[in-house]
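Hi,

Here is the structure I said I'd pass on.

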Amino acid sequence: MGWRDAARLPSLFLEALKPMSIGNLSPILRSSNGFHILKLNDRRGSTSPVIARQTHARHILIKTNELVSEAEARRRLADLKERLDNKADFAELARLHSEDSSNVKGGDLGWLSPGDTVPAFERAMDALDPGQVSGPIQSPFGWHLIQVLARRNQDISREHQRLEARKSLQARKSDEARQEWLRQLRDRAYIEQRLEEK
């Protein structure tokens, strides 16, 4: 079976494996798929913390549509960037001009971990120093001005565990659904044998 997360094993197997020592065989197990004997070859686990470099950022988003062209969105952001370079308040400009739900918080996106944003946004954000404001950046959502407020290395083990647990549950449900589908196919299948007379 290879290496399997405990969360990806059927509960019948997991209960049988818990008390077993490495190299031992399980008693005969019966499931809806048949009879099983398990051998525990080895165990491994990771308890080391997951550290991520997080960025606290805010942005101003201008969306493109039938009324706002790419050039118009870039021009509007260039004007806003010039105002920011002349000491305008980023949060105030975001409240007035940003076209997403973060505008009520002054464009604040909170602490972002790698992979939380689309690649184009993340690349531009990662290239900035704290306090620096980007020029207009295009993403699938529109055009942005991005400001990095701070950076930190954060232990995200809990969040990582939650994400892994969610993935494992989805994989287990998918496995169980596939096994149930195969069982139903086998139950509906029949073989008809005809003897031909000579």
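The second largest pocket has 18 lining residues, and those nearest its centre are Pro10, Phe13, Asn33, Asp175 and Gln179. For the cut-offs: on a 1 Å grid over the protein atoms alone, a pocket is an open set of points where a 1.4 Å probe fits, with protein on both sides within 12 Å along at least five of seven lines, and a lining residue has an atom within 4 Å of a point. The volume comes to about 390 Å³, counted as the space filled by probe spheres set on the grid points, which are joined across faces, edges and corners.

Before you dig further, note that this is a predicted model, where local features need pLDDT of at least 70, side-chain atom pairs count only at pLDDT 80 or more, and totals for chains, interfaces and linings use all residues. Residues are numbered from 1 along each chain as its sequence is written, and side-chain values use heavy atoms, with hydrogens and water left out.

Back to that pocket: α1 (11–17) and α5 (157–188) each supply at least two lining residues, and α5 gives the most, with seven. By class the lining has eight charged residues (Asp, Glu, Lys, Arg), five nonpolar (Ala, Val, Leu, Ile, Met, Phe, Trp, Tyr, Cys, Pro) and five polar (the others, Gly among them).

On the fold, the chain has five helices and six strands, in the order α-β-β-β-α-α-β-α-β-β-α from the N terminus. Those are DSSP runs numbered from the N terminus: helices are H or I with at least four residues, strands are E with at least two.

Four of the strands make an open sheet, β4-β3-β6-β5, with antiparallel pairing; strands count as paired if DSSP finds at least two bridges between them. β4 (108–112) and β5 (137–139) are at the edges with a single partner strand each, so one side of each has no neighbour in the sheet. The twist averages 40° from one strand to the next.

β3 (51–62) and β6 (142–155) are joined by twelve bridges, including Gln54 with Arg152 and Ile62 with Trp143. β5 and β6 share three bridges, and a hairpin joins them through two residues. In that pairing Ser139 stands opposite Gly142.

Helix α2 (70–85) lies across β3, β5 and β6, at about 55° to β6. Helix α4 (119–126) also packs on the sheet, touching β3, β4, β5 and β6, at about 65° to β6. Contact here means heavy atoms within 4.5 Å; axes are lines fitted to C-alpha atoms, for helices over the stretch in contact, and angles run from 0 to 180 degrees between N-to-C directions.

Last, the overall dimensions: the C-alpha atoms fill a box of roughly 95 × 55 × 25 Å along the principal axes.

Cheers
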